[in-house]
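Here is a short briefing for a first look at this structure. Keep the model open while you read.

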Amino acid sequence: MNDRLLTLVKDVVEEVNERRDEKIPTAELPSLALYGDNGVFDSMQLVNFLTQVEEAVEDAYDEEISLTSEKAVSQRVSPFSRVSRLIDFIEAELVEAGVAASDPV
């Protein structure tokens, strides 16, 4: 797993936690369920979270990606089911854009 992307997502989760009464645990962040039966977000919260992650990725890598694209939502295994899958999807999108996910700007 890409540690830089994990840190980026953790920073966004911590930012979200500043506005939540029920804090999202970050101790086991890669296995955290984002959406679904055991997820920490409802659909609107997930969209807001993904928007923040997109902005953080653009700031860190100077590359715009979409986490709510048809490609993302049509994956056989949802990138929104766990943080580790979201990170894998982000890394794949950056690689497809020709950006090394380990080298933010």
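A crossing is called right-handed if the near helix is turned clockwise from the far one by less than a right angle, and left-handed if anticlockwise. By that rule, helix 2 and helix 4 make a right-handed crossing. The model shown is predicted.

**The nonpolar core**
- In soluble globular proteins, nonpolar side chains tend to be buried together.
- The largest nonpolar core here has 32 residues.
- Phe49 and Ile90 touch the most other members of this core.
- Helix 2 gives the most, with eight residues.
- Ile90 touches Leu5, Val9, Val53, Val57, Ile65 and Leu67, with residues up to four places away in sequence not counted.

**Helix 1 against helix 2**
- These two helices pack at an angle of about 135 degrees, and their axes are 10 Å apart.
- Helix 1 is therefore oblique to helix 2.
- Helix 1 passes helix 2 in a right-handed crossing.
- From helix 1, the contact uses Arg4, Leu5, Leu8, Val9, Val12, Val13, Glu15 and Val16.
- From helix 2, the contact uses Phe49, Gln52, Val53, Ala56, Val57, Ala60 and Tyr61.
- By class, the residues of this contact are twelve nonpolar, one polar and two charged.

**Helix 2 against helix 4**
- The axes of helix 2 and helix 4 come within 12 Å and cross at roughly 45 degrees.
- That angle makes helix 2 oblique to helix 4.
- Helix 2 brings Phe49, Leu50, Val53, Val57 and Tyr61 to the contact.
- Helix 4 brings Leu86, Ile90 and Leu94.
- Eight residues of this contact are nonpolar, with no polar and no charged residues.

- Phe49 of helix 2 is in the contact with helix 1 and in the contact with helix 4.
- Val53 and Val57 of helix 2 are also in the contact with helix 1 and in the contact with helix 4.
- Ile90 of helix 4 meets helix 2, and Ile90 also touches Leu5 and Val9.

**A buried asparagine**
- Asn17 is found in helix 1.
- Is Asn17 buried or exposed?
- Asn17 counts as buried because its relative accessibility is 10%, and buried means under 20%.
- Leaving aside neighbours within four places in sequence, Asn17 is in contact with Lys23, Ile24 and Thr26.

Terms used. Residues are numbered from 1 along each chain as its sequence is written. This is a predicted model: local features need pLDDT of at least 70, side-chain atom pairs count only at pLDDT 80 or more; totals for chains, interfaces and linings use all residues. Side-chain values use heavy atoms; hydrogens and water are left out. A nonpolar core is a set of buried Ala, Val, Leu, Ile, Met, Phe, Trp, Tyr and Cys residues joined through side-chain atoms within 4.5 Å. Buried means under 20% relative accessible area, exposed over 50%, partly exposed in between (1.4 Å probe, protein chains only). Helices (H or I, at least four residues) and strands (E, at least two) are DSSP runs, numbered from the N terminus. Contact means heavy atoms within 4.5 Å. Axes are lines fitted to C-alpha atoms, for helices over the stretch in contact, and angles run from 0 to 180 degrees between N-to-C directions. Angles under 35 degrees count as roughly parallel, over 145 as roughly antiparallel, 65 to 115 as roughly perpendicular and the rest as oblique. Ala, Val, Leu, Ile, Met, Phe, Trp, Tyr, Cys and Pro count as nonpolar, Asp, Glu, Lys and Arg as charged, and the others, Gly among them, as polar.
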